[in-house]
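Here is a short briefing on one protein model. Look at the structure first, then work through the points topic by topic.

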Amino acid sequence: MKITSLALSVSAALVASSAFAQDNLQTQNNEEQEIEKLVVVSSRIAMPLREIATSVSVITKEDIELRGYSNLADVLKVQPAIGVTNTGGAGSTTSLRIRGEEGYRTLVRIDGVDISDPTGTQVGPKLAHLQSSNIERVEILRGSQGLAYGADAGGVINILSGAGSEDLSGNVSAEAGRYGTSTLAADVGGSTDTLDYYISASNYQTDGFNSRTDDTTLDEDGYDNTTLHSRLGWQVNEALKLGLVLRNTDGVGEYDNCFSALGTSDCETEFSQSNLRLTANYDTTLSSHEFAYGKTLVERENFTDGLSSFFTKGNVERLEYIGNTDVSDAHGLVYGLDWEKEVISSSDLSRISKGYYLEYQGQWIENLYVTAGVRHDDNEDFGEHTSVRLSGAYIWTLGDDELKLRSAYGTGFRAPSLSEIDYNNGPWAYSPATDSELKEETTEGYEVAVEYTQHNGSHYEVVYFDQTITDSLEFDLAGFSGYIQENGEVYSKGIELIADVALTDSLRLNSNYTYNDTEDTTGEQRIRRPKHLANIGVNYQVEKLTVSANVRFVKDFTDSVYDSSIFQSVRVPMDDYQIVDLSARFKANTNLIIFARVENLLDEDYQDLATYYNKGQALNVGVQYQF
């Protein structure tokens with residue numbers, strides 16, 4: 001009730017304050033409106049970034065190329081409130097936590113394709129296999145505000161692939177570096193009056209390094225990833241456009257500790273995911289409609305000493321409709337429905353879920369933007385659930401600058417996955433995990449923020465967030481009995497400070513700091529959630545050379561390790577650390593770019609997880625040819 005009251009109070013304050021400031025408003029001219037940044041991630045339709053009340057970060061193609069990281073998770077972790085851990089380098093299990101919430105509570109879509117793995121312990125994206133090559137733009141919705149996306153969308157990462165110009169254009173790049181690492185990538189795209197197309201391919205290889213602290217063989221854990229992506233659009237007439245997206249990712253990696261009978265560390269994992277999405281978009285003067293069919297196929301298999309030790313296979317089919325209608329110049333509706341079938345064919349498990357949602361978007365008075373939405377989900381295993389989202393933003397014009405006050409409140413739920421249910425019903429589970437039936441976990445969160453944008457492009461942001469999960473579902477790390485429902489509430493609340501400052505025409509400062517006070521049901525800090533996360537970065541551009549440096553600070557976090565003397569996991573404090581990365585791009589001529597980066601410049605010896613190493617100083621160099 002306190003959370004709901006605060007969110008509603010802030011929304012009321014927005015309305016009240018607007019009445020006093022109305023005389024001081026200045027209407028943005030048409031030219032400024034045309035160049036405003038648009039984002040899709042907040043409500044699944046294009047909206048000006050300045051008008052939305054949710055927390056959204058945007059990463060451009062230039063940002064991705066300048067930082068140069070091969071895996072997209074490394075690009076994302078320099079953004080506000082994002083923590084990333086993995087179990088030993090490229091291709092290993094990677095968890096991305098937005099505001100301290102687990103990665104499986106975050107939805108990832110590429111050109112509208114949901115890349116969640118239905119066969120996983122929890123249904124979520126396999127970020128270890130998501131490369132950064134050939135990505136045009138990333139939009140990140142922070143917080144449990146994913147009303148339009150479905151039950152599990154606590155946060156949303158919306159990725160757009162590259163786009164060709166009217167004439168045929170493309171890129172070819174090659175990179176090599178420490179640990180026997182190499183990346184080859186190429187893309188090509190173009191458009192005519194009726195057709196647009198884009199095709200990309202990338203291959204990433206590394207010999208890796210010894211990843212586990214308890215591996216006495218000191219073997220290297222390599223990884224190989226090949227990703228193919230294509231997108232085709234056909235403008236049938238002025239109103240109707242048909243689209244097709246095809247994507248395939250294959251990853252093969254080595255890892256340690258697979259309990260080999262020969263006492264070796266000859267462990268290998270293979271991952272394959274194929275995605276298909278067909279769309280039909282119909283636009284009229286006052287409304288637009290999208291119908292989509294998507295299918296995801298996933299296979300995963302582990303090998304020990306060359307023999308299969310684990311295999312799973314599954315698929316997801318999804319039907320979607322989303323529409324939006326302009327009721328008037330100042331008011332509109334966004335609405336949709338979706339039907340989804342999850343299947344783990346290797347275990348003969350399946351279920352169907354359906355969802356319906358409606359969101360009102362309006363500008364009550366000049367520069368006051370409000371949304372109110374409701375969603376109803378029906379899960380075949382766990383019944384019906386209703387979620388809501390309310391948001392409001394008010395903008396004051398201060399000369400050539402702008403000040404925005406915004407607030408958002410949202411609820412949601414996550415049903416236990418097919419794998420979680422199956423494990424607790426299987427032969428390996430026992431009390432307390434088997435003492436009661438699993439039920440859905442529910443989420444509630446709100447945020448209040450102030451943003452200040454200067455006419456020179458500098459931007460400052462202060463955000464307070466508060467998120468609660470009730471009946472959180474976790475694996476029993478104390479007794480390894482299976483999946484248990486936590487009795488009580490789990491919290492994540494804190495402050496985000498964000499600054500993007502144009503110091504001069506050629507020098508820019510990008511920085512963010514997140515203070516996150518997390519608490520589990522026992523009152524202790526949640527493991528693997530740093531209380532302090534910070535990034536301080538600078539970009540310097542002079543003529544044909546662009547240089548970027550970033551320092552990442554991670555402080556005050558814990559992990560959990562198994563103690564064989566008491567036969568259970570115990571909490572251990574982790575060392576604080578700071579990592580310096582440096583990158584540069586030089587445009588030799590119109591077509592050729594030479595680039596280089598040094599990851600972990602100071603060769604910091606650090607760990608995100610108690611039993612896994614991270615890589616040391618690594619130099620990478622490459623070339624890119626544009627045509």
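Is R571 buried, partly exposed or exposed? R571 is partly exposed, because its relative accessible area is 32%.

The model is predicted: local features need pLDDT of at least 70, side-chain atom pairs count only at pLDDT 80 or more, and totals for chains, interfaces and linings use all residues. Residues are numbered from 1 along each chain as its sequence is written, and side-chain values use heavy atoms, with hydrogens and water left out.

**Salt bridges**

- Side chains of opposite charge can pair when their charged atoms come close.
- A salt bridge here is a side-chain nitrogen of Lys or Arg within 4 Å of a carboxyl oxygen of Asp or Glu. The count comes to 45 salt bridges.
- One of them joins E451 and K404, at 3.9 Å from N to O. This pair links distant parts of the chain: E451 is in strand β25 (residues 441-453) and K404 is in strand β24 (residues 401-414), 47 residues apart. Strands (E, at least two residues) are DSSP runs, numbered from the N terminus.
- E451 is buried, because its relative accessible area is 10%. K404 also counts as buried, at 5% relative accessibility.
- R571 forms a salt bridge with D520, and the closest N and O atoms are 3.2 Å apart. R571 belongs to strand β34 (residues 568-573), while D520 lies in the loop between β30 (507-519) and β31 (532-542). The two residues are 51 residues apart, and the pair links distant parts of the chain.
- D520 counts as buried, at 17% relative accessibility.
- Shared partners join several salt bridges into one network: R44, R109, R277, E290, R318, E320, D338, E340, R375 and D377.
- R508 and D500 form a salt bridge too, with 2.7 Å between the closest N and O atoms. R508 counts as partly exposed at 26% relative accessibility. D500 counts as partly exposed at 25%.

**Aromatic pairs**

- A pair of aromatic rings is described by the distance of the centres and the angle of the planes.
- Rings of Phe, Tyr and Trp (its six-membered ring) pair if their centres lie within 6.5 Å; planes under 30 degrees apart count as stacked, over 60 as edge-to-face and the rest as tilted. The count comes to 14 aromatic pairs.
- How are the rings of Y179 and F209 arranged? Their centres are 5.5 Å apart and their planes stand at 50 degrees, so the pair is tilted.
- Y179 lies in the loop between β12 (169-177) and β13 (181-191), and F209 lies in strand β14 (residues 195-209), so the pair ties together parts that are 30 residues apart in sequence. Both Y179 and F209 are buried.
- Y321 and Y335 also form a tilted pair, with 6.2 Å centre to centre and 40 degrees between the planes. Y321 sits in strand β19 (residues 307-326) and Y335 in strand β20 (residues 331-344), 14 residues apart.
- Y321 is buried, with a relative accessible area of 15%. Y335 counts as buried at 18%.
- Y423, F475, F480, Y483 and Y562 form one aromatic cluster.

**Charges over rings**

- A charge sits over a ring if NZ of Lys or CZ of Arg is within 6 Å of the ring centre and within 35 degrees of the ring normal.
- The charged end of R44 sits over the ring of Y149, 5.5 Å from its centre. R44 is also one of the residues in the salt-bridge network.
- K493 has its charged end over the ring of Y491, 5.8 Å from the ring centre.

**An open sheet**

- Two strands pair if DSSP finds at least two bridges between them.
- Which strands make up the open sheet? The order is β3-β10-β11-β6-β7, which is 5 strands with mixed pairing.
- β3 (55-60) and β7 (113-114) stand at the edges with a single partner strand each, so one side of each is left without a neighbour in the sheet.
- Strands β10 (residues 135-142) and β11 (residues 155-161) run antiparallel and are joined by 6 bridges. I135 stands opposite S161 in β11.

Notes:
Helix = DSSP H or I, 4+ residues; strand = E, 2+ residues; numbered from the N terminus. Buried < 20%, exposed > 50% of the residue type's maximum accessible area, 1.4 Å probe, protein only.
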